[in-house]
Amino acid sequence: MKRTRVLTTVAGVAAAGLALAGCSGGGGDGGGSEGGSGDEVEVFTWWAAGTEKAGLDALVEVFDEQHPDVEFVNGAVAGGAGSAAKDLLQSRLQAGDPPDTFQAHAGAELQDYIDAAQVEDVSDLYDEFGLTEAFPEDLLDRLTVDGAIYSVPANIHRANVVWANPGVLEESGLDPAAEYASIDEWIEAMEAVEATGKTPLSVATTWTQVNLLETVLLADLGAEGYEGLWSGETDWTGSDVTASLEHFETLMGFTNTDRDGLDWPDATQQIIDGQAAFNVMGDWAEASFAEAGFEAPADYVYFPVPGTEGVFDFLADSFTLPVGAPHPDGAKAWLETVGSADGQTAFNQAKGSIPARTDADTSEFGAYQQTAITSFAEDTIVSSLAHGAATPVAMLNQITDATSKFTTGASDLATYQEELAAAAGE
Amino acid sequence: MNGVRKVWPPLLMLAPSLVVLAVFVYGLIAANFTTSITDNHTAAQATGQQPTSFVGLDNYVGLLATDDFQHSLMNLLLFTGVFLAGSMVMGFMWAWILERPARGEGLFRAVYLFPMAVSFVASGVVWRWLLNSNQGENASGLNRLFQMIGLDALQNNWWNNITFGIIAIAIPAIWQLSGYVMALFLAGFRGIPDELREAARMDGASEWQLYRYVLFPQLAPVALSALVIIGHMSLKSFDLIMSISKAANYQTKVPAVDMFVFKSSFDYANSAAVGTVLLVIVAVVIIPYLWWTNRKENTR
């Protein structure tokens, strides 16, 4: 008697499970069957919280003004700094159920989607919307793959920025306004901080260490040598790379020991709380200082990573047109707004990044953003490694794994360099 | 004719689950294996834009030969060993204490079982804070606790140790599953009739002899079940490790994490190969158990 009851329960649970599976399967293409191809647009992002959410909301406001007949459907997926979203996106594209447009870092990270024939060439839209003249040429070069462009950038971020706490610097006998010409000079300053017992350089989990690594490589090899690492012109096994990795090793020696359990906001928080002197992070960190009510240069200072003055290590969030999107016209309307001057102004002012267009109205942007806008216009632009602009995902994952192995102490510098060279396919 | 009539209804009843099993379990295992013996290493190949070719067991040979994968397997072995031993010992001790009717027994049973109700992800986040690796002035979590009670020497870097770090992650796993093992053993104890104990005492058995020769043998099947359940959970551990550590962290890599990283790199062949390796490891644990219980039921 008891046994039958157990069996019925199990059967019931199984049936409920099947019913649920059926629902979720049907939900995905529910929007596609009704109406034309341009009455709505599902926008897939990982902008679900904080300033990213604020930026998306501002962008949607402009979109509703420009395209009142197209309904915006928010397909944001939260979690893991975008890794949860990328995971879901991968399965959806694989299953032939793409969103109408999805967020991706511009540059080499798109390569996999291009190779898999999952995104459309949008060069025509660049002509149609007049984007070719509006974006700087350096940027267009980095977006172009075999003569075609596959995404429209919404913003520009800079990855090679040092954030510092002036109070901690003064305590260590350092001038907060000092400029460091090279990594070596910077290391001397860190030794002074270390003597006070504070953490000289705060860092978080592996990708932030890769962010640090790329800026050190950039400082030591120069813009051309750094770009050569990705094009194959710079030899990964060379002695100049070895010297740069030694710098990286020294810098990692100045960092907090609990780094692997933290994410970037925790490392930035250590600057805000005065536990650490320096932190290398992309300029999205600016939002954390603003949130804490900090004012530069009294409460915090920022400058390009020593040795990278005049170089802008860029990454950009961009939007694509997937092959087989259920509402291609809706997606085109979205891309038009993303690329428009109004859209870029609204989005970037809220998110804390800067517009990719050179003609967007930036008069009301914050002080840091103004300096970034000047640098972006004048500096040499290079692609960020840690944020998918410089290499495809597989290579970045290999570099990340090798870096974790090295910074935990499981491999020595020679092995590390070999593994990096192997990741680059040498 | 009569025989057919007797066979059909049960077969019809079973058919849906058989079909679902065939497609979603065995079919997918086969699909996984066929992917693992190809050179499907890029996004273009995964979507059929470029051809894949048969490479035999090359992916397996390649994986097993790398230090990194061996490190993952070693981590898995350490984690499983400690997790198994810890939760079995703790679970048994608690069951043994609560086995004799004591005051507040129900309360303690609930207290010990509670951690199991928490999801691995939620407890993982909290344990990540507790297992913070800072020592000295910046210490927090358990290290700070050790300082407060004057046991400074016990401070350590927890899961950030390259070789034994994974054992630190077994601590929350033991904390969560010991209560479950306790429940299993309690059920085992309750299933032993009082007459057996009384008979043993009548025969003059000491308390130790009573346990050694009467109770423990009766508990053996329960212990084996607990071992297999905890063992296969441990081999498949992913969520707890990912919420305490991160996928990229070398010190806490296990095959399930490797599988995830390969998959996110669009390297489907290697990802499938890791999956097959995991399946084989779990099968090594489960199949003898199934075989053993099956044989016992047949002889009964």
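Trainee: Where in chain A is the place of A:Ala117?

Mentor: We're in a predicted model here, where local features need pLDDT of at least 70, side-chain atom pairs count only at pLDDT 80 or more, and totals for chains, interfaces and linings use all residues. Residues are numbered from 1 along each chain as its sequence is written, while chains are lettered from A and ligands numbered from 1 in the order in which they are written. Helices (H or I, at least four residues) and strands (E, at least two) are DSSP runs, numbered from the N terminus. On that numbering, A:Ala117 is in the loop between α4 and α5 (123–129) of chain A.

Trainee: What is phi of A:Ala117?

Mentor: Most residues other than glycine have a negative phi. A:Ala117 isn't a glycine, yet its phi is positive, near 55°.

Trainee: And how many other C-beta atoms lie within 10 Å of A:Ala117?

Mentor: A residue is buried if 20 or more other C-beta atoms lie within 10 Å of its own, exposed if 12 or fewer, and partly exposed in between, with C-beta atoms placed from the backbone. A:Ala117 comes out as partly exposed because its count is 14.

Trainee: B:Trp158 has a positive phi too. Is B:Trp158 buried or exposed?

Mentor: Phi of B:Trp158 is near 45°, and the residue lies in the loop between α7 (141–148) and α8 (165–190) of chain B. With 27 C-beta neighbours inside 10 Å, B:Trp158 is therefore buried.

Trainee: Which residue does a cis peptide bond join to A:Ala296?

Mentor: Most peptide bonds are trans. This one has omega of about 0°.

Trainee: On to the four-stranded sheet of chain A. Which strands stand at its edges?

Mentor: Two strands pair if DSSP finds at least two bridges between them. Here 4 strands form an open sheet with mixed pairing, in the order β9-β10-β8-β11. Two of them have a single partner strand each, so one side of each is left without a neighbour in the sheet: β9 and β11 (301–304) of chain A.

Trainee: Inside that sheet, which residue in β10(A) stands opposite A:Trp163?

Mentor: β8 (161–164) pairs with β10(A) in the antiparallel sense over 3 bridges, and with β11(A) in the antiparallel sense over 4 bridges. In β11(A), A:Trp163 stands opposite A:Tyr302. In β10(A), the residue opposite A:Trp163 is A:Asn279.

Trainee: How many residues of β10(A) are buried?

Mentor: β10 covers residues 276–280 of chain A and is mostly covered. It pairs with β9 (199–202) in the parallel sense over 3 bridges, with A:Thr199 opposite A:Ala276. The buried count for β10(A) is 5 of 5.

Trainee: In the β7-β12-β14 sheet of chain A, what is the bridge partner of A:Arg158 in β12(A)?

Mentor: That open sheet has 3 strands and mixed pairing. β7(A) and β12 (311–315) pair in the antiparallel sense over 2 bridges. The bridge partner of A:Arg158 is A:Phe314.

Trainee: How do α17(A) and α18(A) lie to each other, roughly parallel or antiparallel?

Mentor: Axes are lines fitted to C-alpha atoms, for helices over the stretch in contact, and angles run from 0 to 180 degrees between N-to-C directions. α17 (393–407) and α18 (413–423) of chain A pack at about 175°, their axes 9 Å apart. Angles under 35 degrees count as roughly parallel, over 145 as roughly antiparallel, 65 to 115 as roughly perpendicular and the rest as oblique. The pair is therefore roughly antiparallel.

Trainee: Which element gives the most to the side of chain A that touches chain B?

Mentor: Two residues are in contact if their C-beta atoms, placed from the backbone, lie within 7 Å. The contact takes 26 residues from chain A and 25 from chain B. On the chain A side, the elements giving two or more residues are α3 (83–94), α4 (111–115), α10 (206–231) and α17. With 7 residues, the top contributor is α17(A).

Trainee: Last one: what distance separates the centres of domains 1 and 2 of chain A?

Mentor: Domain bounds come from an automatic or database domain assignment, which gives domain 1 as 42–155 + 316–365 and domain 2 as 161–307 + 392–423. In their contact, 6 residues of domain 1 meet 5 residues of domain 2. Taken over C-alpha atoms, the separation of the centres is 29 Å.
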